Amino acid sequence: MIQTAEWRRKQGGQDVPAQGPVLDLRSVSVRYLTKSGLNTAVADVSIKVDPGEFVSVVGPSGCGKSTLLHVAVGLIRPAAGKVTYLGQEWAGLHPDVGYVTQKDTLLPWKNVIDNIALPLQLKGAGRSERRKIAAEMAQNLGLGSCLKYFPAQLSGGMRQRVQLGRTLVIRPKLLLMDEPFGALDAYLRLRMQELLRSILRGHPVSTVFVTHDLGEAIALSDRVVALAGSPGRLGLDCAIESSADRDDLMAMRSTPEFTEYQTRLWEIISSNEEPE
Amino acid sequence: MTQEVTIAGEAAGPAPLDAQAALRMLGRRKTQRRALVWLLRLVILAAVLVSWQLTSGHLFPSFIMSSTSQVWDRLTNWLSNGYILNNLGVTLQETFIGFLGGTVIGAAAGILIGLSKFASDVLSPFINALYAIPKIMLGPLFVVWFGIDLTMKATLAGLFVVFIVFYNIWTGVQEVDKDLVEMYRIMGGGRWAIVRGIYLPSAMSWLFNSLRLAFPVALIGATVGEFVASSEGLGYVATNAATQADTAGVFVAVIVVTVVAVAMDQLIVQVQRLVNVRLGKTDGGRLVI
């Protein structure tokens, strides 16, 4: 899928340097201070995300997937290793990064359009300008008919779409997603995957997608990184290639390659499990 | 429009209902139920008033119990000569000044102190101690400080209110969803943007929750102030009537204060509903309107 990533780079992100990765985590380790002493959450993990590339991070609970995203977004400083964003060593939060979690963090007192427009408001965009951009985004996400609705009036899937819109409205150069569809039922999850896929096709964004769902990771990604064990170490970093039309997620899921990838990833993930 | 619906259990009925008719029937049932509720309420009220009237002077002496008719006579008499309205005006003035002052001071202090974890930690034992003081006991002290005029009563009312509002907002600010704050930071929101975007709107809902408790308490503060020392206001009307063994007069004062408290409570509830809509709050999945 290298060509696809290259093609996507050409389509979008004009500010993205042609050479070099958008995000480069090199030998990153993260430690937490707990009552029992220093606890290592992630040990010596390296992940590189090229322009326009969609990279999934999979692994069992507690392997430090989310921690890695916290490092990438700048909330946590790694104990060891180097984080480079757009070729520059990166310290702290960056406004061009979009971050979505499974948790609903919409503001209950703002309606759909104002929730989507919130990051623009924080960047100082004028009311009518930001509403116009947000309305367009809402249209793309199929939320055009409920711009005036408050989050409490929306279903879980719609709320997650609003969150996605709020993240994409700033045209992020890097999209970090932490189990964004984890709280949705199987059907809605598939619909959201299709939606995400089609949006990224129009506006390619380098993406790191954390999930515990192997199928979701394989179907959506250019590359899947598997973490294993606790603390999490790099188990496998493999490019996903498939003969199927990558925009047809159901077709992709029914290919033999899909099953092969799934088996391989499952072996890696479950290999380092401690016996109970 | 002509879509037909069948209702479970009525399948054996003569004909399926159309949706319009079913809606009309539901509407009728709702109206009937509401009418029955109001009818029963009136029956209970009437029963209390009638039994009060009948037992007075028989089961209990009427100079202790008074009676429905005596209270009614006193009420209409005092209403017509303006005695009640003048004194009600005085009490309301004290109450509202205390209510507004206490709300503003309590809300501002609650947000400011709540925003700082350190300040909250340092001040919490003092806040808890002040909260625990039976504030009524400060009445005599306030007479020394402020005299016996409006200032004393409004201050007493305000003191009652300030703690309720402060405590609600102070605890609320500390319980603001930290994920929301983190999300704001990631989107590039600074400290002031976080206060304005998350803390102030959240504070609005805690504020309205506390206002419903605060108004009756402000009314208590004002009337207690009048008990302590005054020559006007409903508290004075009650104490003055009591010293003359005029129980009907005391009842009139109590009734008028109650009516004011209920009316104000309803007003706050209505405003709260409007605010809830603005805040996108729901009640069991539906937007509270």
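Entry 1, ground rules. I noted that residues are numbered from 1 along each chain as its sequence is written, while chains are lettered from A and ligands numbered from 1 in the order in which they are written. Because the model is predicted, local features need pLDDT of at least 70 and side-chain atom pairs count only at pLDDT 80 or more, whereas totals for chains, interfaces and linings use all residues.

I looked up the secondary structure and found nine helices and 10 strands in chain A, where helices (H or I, at least four residues) and strands (E, at least two) are DSSP runs numbered from the N terminus. I then checked the radius of gyration, which is 19 Å and close to the 19 Å that the globule rule gives for 276 residues, so chain A is as compact as a globular protein of that length. This radius is taken over C-alpha atoms, and the rule is 2.2 Å times the number of residues to the power 0.38. Along the principal axes, the C-alpha atoms of chain A fill a box of roughly 55 × 45 × 40 Å.

I found 16 residues of chain B in contact with 16 residues of chain A, counting two residues as in contact if their C-beta atoms, placed from the backbone, lie within 7 Å. On the chain B side, α8 (178–186) and α9 (191–228) each supply at least two residues, and α8(B) gives the most, with five residues.

I read domain 1 (5–55) and domain 2 (77–287) from the domain assignment of chain B, whose bounds come from an automatic or database assignment. The C-alpha centres of these two domains of chain B lie 38 Å apart.
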